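This report describes a single protein chain, from its overall make-up to selected side-chain pairs. The sequence and structure are shown first.

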Amino acid sequence: MKKKIRLSAASMLMLTIALTTAACGGNNGNENASPSTNTAPDGSAATSGSESPSASAQAETVEIVVWDKPSADAADKAFKEEAFAAFEAKYPNIKVTHVEQTKEKEREQFMTAVAGGEQPDLYKNPYPDMESYIAQGIAADITDLWNGFEGKDGYLPSSLNAGTVDGKIYGVPNDMYVTGLLYNKQMFADAGLDPAAALKDWDSFGAAAQKMTDASKGTYGYAILGMDWADWFFEYYVWQAGGDLTEKQPDGTAKLTFTSDATIQALQYYKDLKFKYKATQKNVVQSLDDNQKDFYTGRAASMIAGSDWIGGLVAKGIDLNNIGFSALPVGPSGKAPAQVGGSYWILNPKSSPEKQQAAFTYATYITSKAYLESVLQYNKDNGMFPNLLSVRTDVDVTGFVDGLPPEVVSGVQSAAKDTHLEYFLKARLSPYIVKPIQQALLDENTDLKAVLQTAQDLAQKEVIDKYNEEVKK
């Protein structure tokens, strides 16, 4: 039976504080939502920087449409509605129509609205679509609005990267996560391993993972991802080797690099983890859910995870004090980039200047420090674990999680120092690169360059040639 969640006195107090702080010109803030654990939404009170004459002192009412209405069964429905009411009270000249988005095929619904001339004035958009939407003119250039916003310095500089093209800003950062290596501190200790030394580079990690693998106990060192999403984590190793799986050319066309030295090095390391170090699970194509289960039950000593997965794993039973989070081991390139993801609020470029200003005011309101902290308090009151990486520089998440080891947060922050977006055209190319990854993990005699060449040739014919032709038109 679904638990009914009610606003606590503390949450209500934080909302009041948010409004008071905003009126006094407090800084803006953001909260990160976890895609895997359905954490509460991001939100916050507006600051003096978001209060322009057109937003807070305009004579006429401006009406905007925002796709952020919670579903009828959303656990945080009451909380969000309180936030909507608080915004309306602070900005009586901005009337927001909140629209509920479908729970499936969200992108298709949005693009249908765009094509039909019904794009909302404000829309929360995931990182992977930003480049495409900016190129298509779907996301408004908000550079002037951002530069005139006094609260902009409260945001993590790197949170703007995926929404910035040629120095122009196209989105207000809403939430952000980073990937890294999640590890079981007790299993490392039992094996006499110092995590800092063990996670130094590919060689040290392979040896450490091997040492923690014991077939008689059913334990192993590293839960490798070899199922149908295998390229998701594999791409990180290609980055660590100094390459990528695709290259976007200056003219917008794409070039495949499946057979580059970096890709071959990465696949050889995957193969070594399975056959040389014998440090992975026996079923290398098992589901991600099974990988996670192996980790939270103490069978797997480490796995790649997002900064927003920890709460879900703790809820499954692993001791929070036994969790470590680190940047990935450094590869041959001398670097260890981590994948970054999240979402931005994008404005409709066809909206009037008055509507854009109103939409920007709303976006910065729900990503401000004061309201973010009220959301974190709400999460804590209702037993929800937050994402440990915020787009805010002025919000301390540790104050809202009882017993959270400080080194876990510092590990997340360390991983976020060197970030990378997923490879270009990933959604279209994923099935092509997954096959050689699986072949390498399932057959020790696999000729890596040959299977990568076969995959590249097929992807070139079925995807890239057609894509490049369209781009050139």
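A residue is called buried under 20% relative accessible area, exposed over 50%, and partly exposed in between, with a 1.4 Å probe and protein chains only. The model is predicted: local features need pLDDT of at least 70 and side-chain atom pairs count only at pLDDT 80 or more, while totals for chains, interfaces and linings use all residues. Residues are numbered from 1 along each chain as its sequence is written, and side-chain values use heavy atoms, with hydrogens and water left out.

**Overall composition**

The chain contains 18 helices and twelve strands. Both are DSSP runs numbered from the N terminus, helices being H or I with at least four residues and strands E with at least two. Of the 473 residues in the chain, 56% are buried. The chain exposes about 20,500 Å², of which carbon and sulfur atoms supply 50%; accessible areas come from the Shrake-Rupley method with a 1.4 Å probe, and for residues only the protein chains shown count as cover. Among contacts (heavy atoms within 4.5 Å) with a separation of 6 or more, 78% involve residues 24 or more positions apart.

**A parallel strand pair**

Strands E1 (residues 62–66) and E2 pair in the parallel sense through five bridges, where pairing requires that DSSP finds at least two bridges between the strands. The chain passes from E1 through helix H3 (residues 77–90) to E2 in a right-handed β-α-β crossover. Val 66 has His 98 as its bridge partner in E2.

In a regular strand the side chains alternate between the two faces of the sheet. Strand E2 (residues 94–98) has Ile 94, Val 96 and His 98 on a covered face, and Lys 95 and Thr 97 on an uncovered one.

**Salt bridges**

The structure holds eleven salt bridges, each defined by a side-chain nitrogen of Lys or Arg within 4 Å of a carboxyl oxygen of Asp or Glu.

| Pair | N to O distance |
|---|---|
| Lys 248 and Glu 131 | 3.1 Å |
| Asp 294 and Arg 299 | 2.7 Å |
| Asp 402 and Lys 380 | 3.2 Å |

Lys 248 belongs to strand E7 (residues 246–248) and Glu 131 to helix H5 (residues 127–135), so this pair ties together parts that are 117 residues apart in sequence. Lys 248 is partly exposed at 40% relative accessibility, and Glu 131 is partly exposed at 40%.

In the second pair, Asp 294 is buried, with a relative accessible area of 7%, whereas Arg 299 is partly exposed at 37%.

Asp 402 is placed in the loop between helix H15 (369–381) and helix H16 (406–415), and Lys 380 is in helix H15; the pair therefore ties together parts that are 22 residues apart in sequence. Asp 402 is exposed at 62% relative accessibility, and Lys 380 is partly exposed at 32%. Elsewhere, salt bridges that share partners link Asp 231, Glu 422 and Lys 426 into one network.

**The surroundings of Tyr 237**

Tyr 237 is part of helix H10 (residues 230–240). Its relative accessibility is 2%, so Tyr 237 counts as buried. Leaving aside residues up to four places away in sequence, Tyr 237 touches Trp 202, Tyr 222, Ala 266, Tyr 269, Tyr 270 and Ile 304. Tyr 237 and Gly 331 are 94 residues apart along the chain, with their C-alpha atoms separated by 7.2 Å.

How values were computed: Right-handed = clockwise from strand over helix to strand, strands pointing away.
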